[in-house]
Amino acid sequence: MDWTDEGILLSLRPHGETAAIAVLLTRDHGCHAGLVHGGAGKAARAALQPGNRLQIVWKARLADHLGRLSWELAAASGAVWLQDPLRLAGLSAACAMSETTMPEREPHRAAYDGLAALLANLGEEQWPSLYAHWELGLLRELGYSLDLSSCAATGRTDDLAYVSPRSGRAVGREAGQPYRDRLLPLPSFLLDRSFGSRPDVVAALALTGFFFEHHVLGPHGRSLPPARSRLVDRLQA
């Protein structure tokens with residue numbers, strides 16, 4: 001069993017003295033792990049940074065084995081932000097969220113393209129808003145799309161201010177006012193793919209985080225990764 005693909009490195013953990021187990025989000029083979037000989041050594045350390053894009057060859061005797069990975073660096077997207085704590089937190093959160101939420105070995109080309117686009121635009125001033133939009137898209141790709149097109153109670157498309165935690169549908173400000181304590185705030189920038197302030201982005205991540213925790217991760221006994229919590233803390237600071 002062997003295949004060649006392009007992948008974004010999500011994590012790397014030591015295995016033995018010099019080897020490492022790499023987890024990548026690949027373009028055509030989904031979230032996939034493999035053993036990298038020499039992956040924990042000094043020579044590979046700079047290239048095997050989370051967020052970097054690699055050309056990989058995966059080989060195994062049987063399809064359900066861990067397999068061995070050989071690689072070549074295609075783009076050092078992750079190493080660029082090592083001296084920028086906030087952007088590095090954003091990159092780490094995106095990689096951790098991808099690894100935590102994506103099903104193993106199940107192709108999701110849109111998820112790969114979305115992560116690649118986010119990493120390519122981390123240099124933009126409004127990248128926190130792009131990150132929030134990316135999480136919304138990741139929910140959609142995983143089958144938990146939020147319906148923010150109209151009010152669940154009235155059908156109106158204007159002045160949407162809340163999201164129902166049960167249905168994932170938007171609720172208008174007037175219709176939701178009596179139940180506002182039980183609804184989730186909806187930052188307006190999520191409705192028109194625009195940019196929001198830092199508090200707006202934090203509110204957006206509280207919204208997406210709720211649905212990740214209750215619909216994607218919670219049923220499997222998992223929770224949001226610490227890297228995402230660190231990103232929210234930095235955005236609030």
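Mentor: Fine. This is a predicted model. Start with Asp 159, which counts as partly exposed at 43% relative accessibility.

Trainee: Where is Asp 159, in terms of helices and strands?

Mentor: Asp 159 sits in the loop between α4 and β6.

Trainee: And what is its phi?

Mentor: Asp 159 has a positive phi of about 55 degrees, although it is not a glycine.

Trainee: Which loop holds Arg 193, and what is its phi?

Mentor: Arg 193 is in the loop between β8 and α6. Its phi is positive, about 55 degrees, and Arg 193 is not a glycine either.

Trainee: Is Arg 193 buried or exposed?

Mentor: Exposed: the relative accessible area of Arg 193 is 65%. The cut-off for that class is over 50%.

Trainee: OK, to the strands. What order do β6, β7 and β8 take in their sheet?

Mentor: The order is β7-β6-β8, in an open sheet with antiparallel pairing. β7 (170-172) and β8 (184-185) are the edge strands, each with a single partner, so one side of each has no neighbour in the sheet.

Trainee: How many bridges join β6 to β7, and how many join β6 to β8?

Mentor: Three bridges join β6 to β7. Two join β6, residues 160-163, to β8.

Trainee: Which residues face each other there?

Mentor: On the β7 side, Val 163 stands opposite Ala 170. On the β8 side, Tyr 162 has Pro 185 as its bridge partner.

Trainee: Now the start of the chain. Which strands does β1 pair with?

Mentor: β1, residues 2-15, pairs with β4, residues 53-59, over seven bridges in the antiparallel sense. β1 also pairs with β2, residues 19-26, over eight bridges, again antiparallel.

Trainee: How many residues lie between β1 and β2?

Mentor: Three, and the two strands form a hairpin. Gly 16 in the turn has a positive phi of about 80 degrees.

Trainee: I noticed Glu 6. Which strand is it in, and is it buried or exposed?

Mentor: Glu 6 lies in β1. It is buried, because its relative accessible area is 14% and the cut-off is under 20%.

Trainee: What does its side chain make a polar contact with?

Mentor: The side chain of Tyr 112, at 2.4 Å.

Trainee: What else is Glu 6 in contact with?

Mentor: Leaving aside neighbours within four places in sequence, the contacts are Leu 25, Thr 26, Arg 27, Arg 53, Leu 54, Gln 55 and Tyr 112.

Trainee: How does the lining split by class?

Mentor: Twelve nonpolar, six polar and three charged residues.

Trainee: And the second largest pocket, what are its volume and lining classes?

Mentor: Its volume is about 170 Å³. The lining has four nonpolar, two polar and four charged residues.

Trainee: Which elements supply at least two residues of that lining?

Mentor: β3 (30-36) and α2 (85-101). β3 gives the largest share, three residues. The lining includes Cys 31, His 32, Glu 99 and Arg 222.

Trainee: Last one. Where is Pro 199, and is it buried or exposed?

Mentor: Pro 199 is in helix α6, residues 198-217, and counts as exposed at 60% relative accessibility. Its C-alpha atom is separated by 20 Å from that of Ser 92, 107 residues apart along the chain.

Definitions and conventions. Residues numbered from 1 in each chain as written. Predicted model: local features only at pLDDT ≥ 70, side-chain atom pairs only at ≥ 80, totals over all residues. Heavy atoms only, no water. Pairing = 2+ DSSP bridges. Helix = DSSP H or I, 4+ residues; strand = E, 2+ residues; numbered from the N terminus. Nonpolar A, V, L, I, M, F, W, Y, C, P; charged D, E, K, R; others polar. 1 Å grid on protein atoms, 1.4 Å probe; cavity = no way out; pocket = protein on both sides within 12 Å on 5 of 7 lines; lining within 4 Å. Points joined across faces, edges and corners; volume = space filled by probe spheres on them. Buried < 20%, exposed > 50% of the residue type's maximum accessible area, 1.4 Å probe, protein only. Polar contact = N/O pair within 3.5 Å; in protein donor to acceptor, adjacent residues only side chain to side chain. Contact = heavy atoms within 4.5 Å.
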